[in-house]
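These are notes for a colleague who is looking over the model alongside its sequence. The points below go from single residues to the whole chain.

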Amino acid sequence: MNRPDDKTLERWMDGALEGEELRQVEAWAETHAGELEQLMSWSDTSKLIKQSMSADTEPPYPDFFNTKIRQAAVGHHDEPMVAQKAPSLWQRFSWIIAPAALAGMAVCFYVGTQIHSDTPSSGSTAQTGEVYIPQRGVTAEISQAGEITVISLEGLEDIPDTLDIAAGETSIGISPRYLAKVDRDNLY
């Protein structure tokens, strides 16, 4: 037998059915005990609501009200309920990342401008007369006239007149980097 409609089941629970209808509903109830139990809880809820409210008072939006109560009693929901996870500590304070990064960069910039290096700068090298020379046998002489500083290197080959520095030429031979180890040792 098919499931009786809600009104017939309500009348059966209230004891208002007789005859053939009563026998059909009872036959259905014997085979559908689980669903009947849910309907009974709905009936109990319905009776409690009727007792607590006066007959002339109608709840606001009665169709919606009745549908939600029936869904709660029977256990049918249109959409599954998903528990919301509480946001993590990182998610709660994610808004502070950009201002903190900006403040950190500002502090690093300020500290960087305040640090004075203990290594001599190029101006102090010229004043002390020390010049780093990567090749052996080369000497340097520094002379200053006002704001002009001249460094004379002795022991290097002269730059040939054929080298066109303005055209981008930077050397007359092979770079020391590409020379064999024996040739590099002789060069320096």
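1. Glu35 is partly exposed, because its relative accessible area of 29% falls between the limits for buried (under 20%) and exposed (over 50%), as judged with a 1.4 Å probe and protein chains only. The residue belongs to helix H3, where helices are DSSP runs of H or I with at least four residues and strands are runs of E with at least two, numbered from the N terminus. Leaving out residues up to four places away in sequence, Glu35 touches Arg3 and Trp28, contact meaning heavy atoms within 4.5 Å. Arg3 lies 32 residues from Glu35 along the chain, and their C-alpha atoms are 10.0 Å apart.

2. A word on the basis of these values: this is a predicted model, in which local features need pLDDT of at least 70 and side-chain atom pairs count only at pLDDT 80 or more, while totals for chains, interfaces and linings use all residues. Residues are numbered from 1 along each chain as its sequence is written, and side-chain values use heavy atoms, with hydrogens and water left out.

3. Thr8, in helix H1, is buried, since its relative accessible area is 11%. Its side chain makes a polar contact with the side chain of Asp5 at 2.3 Å; such a contact is a pair of N or O atoms within 3.5 Å, of which, within protein, one must be able to donate a hydrogen and the other to accept it, and residues adjacent in sequence count only if both atoms are side-chain atoms. Beyond its neighbours within four places in sequence, Thr8 is in contact with Leu17, Glu21 and Val25.

4. Leu17 and Val25 are also among the nine residues of the largest nonpolar core, together with Leu9, Trp12, Met13, Trp28, Ala29, Leu36 and Leu39. A nonpolar core is a set of buried Ala, Val, Leu, Ile, Met, Phe, Trp, Tyr and Cys residues joined through side-chain atoms within 4.5 Å. At least two residues of this core come from each of helix H1 (6–14), helix H2 (19–31) and helix H3 (33–52).

5. For the protein as a whole, there are eight helices and two strands, in the order α-α-α-α-α-α-α-β-β-α along the sequence. Of the 188 residues, 11% are buried. Among contacts with a separation of 6 or more, 28% are between residues 24 or more positions apart.
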